[in-house]
Amino acid sequence: MSSPRDRGKSFTESSGSEPPVTPSRYESQKRRDWNTFGQYLKNQRPPVPMSHCSCNHVLDFLRYLDQFGKTKVHVFGCMFYGQPEPPAPCTCPLRQAWGSLDALIGRLRAAYEENGGSPETNPFASGAIRVYLREVRECQAKARGIPYKKKQKKKPTTEMSGGRDDSSSPSSSSFNFS
């Protein structure tokens with residue numbers, strides 16, 4: 001029979017040999033986004049400490065990211081404005097897609113609080129950020145000729161199939177990642 005001291009030793013040894021937990025894709029992306037935003041603040045003249053970060057810094061960061069965007073957003077005077085599938089190229093700018101910005105803000109909002117920020121002072125949760133994202137969404141929808149409609153949540157059905165609505169299966173759903 002082993003003594004309590006021996007049991008503690010074997011427990012410690014066995015827990016130390018387990019492989020480290022790999023962070024999820026979301027957690028890894030959240031960490032990269034947080035580091036990128038922190039670097040952006042450090043590169044400001046003068047550098048901005050995270051404790052002094054405001055929603056204006058976040059808005060400037062979102063506008064800065066547009067230069068790396070891959071989504072064509074037709075300007076109002078463009079002959080392809082409002083056409084979902086333009087027949088020819090144009091000189092309209094590439095921007096960050098609304099969905100990408102929305103997801104980014106969600107990750108940064110969570111990272112801010114995980115890194116010690118209080119929910120009351122979270123610059124990523126500001127109303128100005130929500131307004132900006134809404135304007136980007138509406139502008140991009142109009143430029144593509146596809147009005148944005150908020151998706152209605154489907155009510156679960158109680159069929160013999162166990163309440164599963166076939167229209168919610170991945171094969172019948174349409175996702176728009178542009």
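Predicted model: local features only at pLDDT ≥ 70, side-chain atom pairs only at ≥ 80, totals over all residues.
**View 1. Packing of helix 4 against helix 5.** Helix 4 (residues 98-114) and helix 5 (residues 127-143) have axes that come within 9 Å and cross at roughly 160 degrees. Because angles over 145 degrees count as roughly antiparallel, the two helices are therefore described as roughly antiparallel to each other. The crossing of helix 4 past helix 5 is left-handed. Helix 4 contributes Trp98, Leu101, Asp102 and Ile105 to the contact, and helix 5 contributes Ile129, Leu133, Val136, Arg137 and Gln140. By class, this contact comprises 6 nonpolar, 1 polar and 2 charged residues.

**View 2. Packing of helix 2 against helix 4.** The axes of helix 2 and helix 4 lie 9 Å apart, at an angle of about 80 degrees, which makes helix 2 roughly perpendicular to helix 4. From helix 2, the contact involves Tyr26, Glu27, Gln29, Lys30, Asp33, Trp34 and Phe37. The partners on helix 4 are Leu104, Gly106, Arg107, Leu108, Ala110, Ala111, Tyr112 and Glu114. The residues of this contact divide into 8 nonpolar, 2 polar and 5 charged.

**View 3. The largest nonpolar core and the surroundings of Leu62.** This core has 22 residues, and those with the most contacts inside it are Phe37, Val58, Phe61, Leu62, Ile105, Leu108 and Phe124. Two or more residues each come from helix 2 (25-42), helix 3 (55-65), helix 4 and helix 5. Helix 4 gives the most to the core, with 6 residues. Apart from its neighbours within four places in sequence, Leu62 is in contact with Leu101, Leu104, Ile105 and Tyr132.

Conventions. Residues numbered from 1 in each chain as written. Heavy atoms only, no water. Axes fitted to C-alpha atoms, helices over the stretch in contact; angles between N-to-C directions. Helix = DSSP H or I, 4+ residues; strand = E, 2+ residues; numbered from the N terminus. Parallel < 35°, antiparallel > 145°, perpendicular 65-115°, else oblique. Left-handed = near helix turned anticlockwise from the far one by under 90°. Contact = heavy atoms within 4.5 Å. Nonpolar A, V, L, I, M, F, W, Y, C, P; charged D, E, K, R; others polar. Core = buried A, V, L, I, M, F, W, Y, C linked by side-chain atoms within 4.5 Å. Buried < 20%, exposed > 50% of the residue type's maximum accessible area, 1.4 Å probe, protein only.
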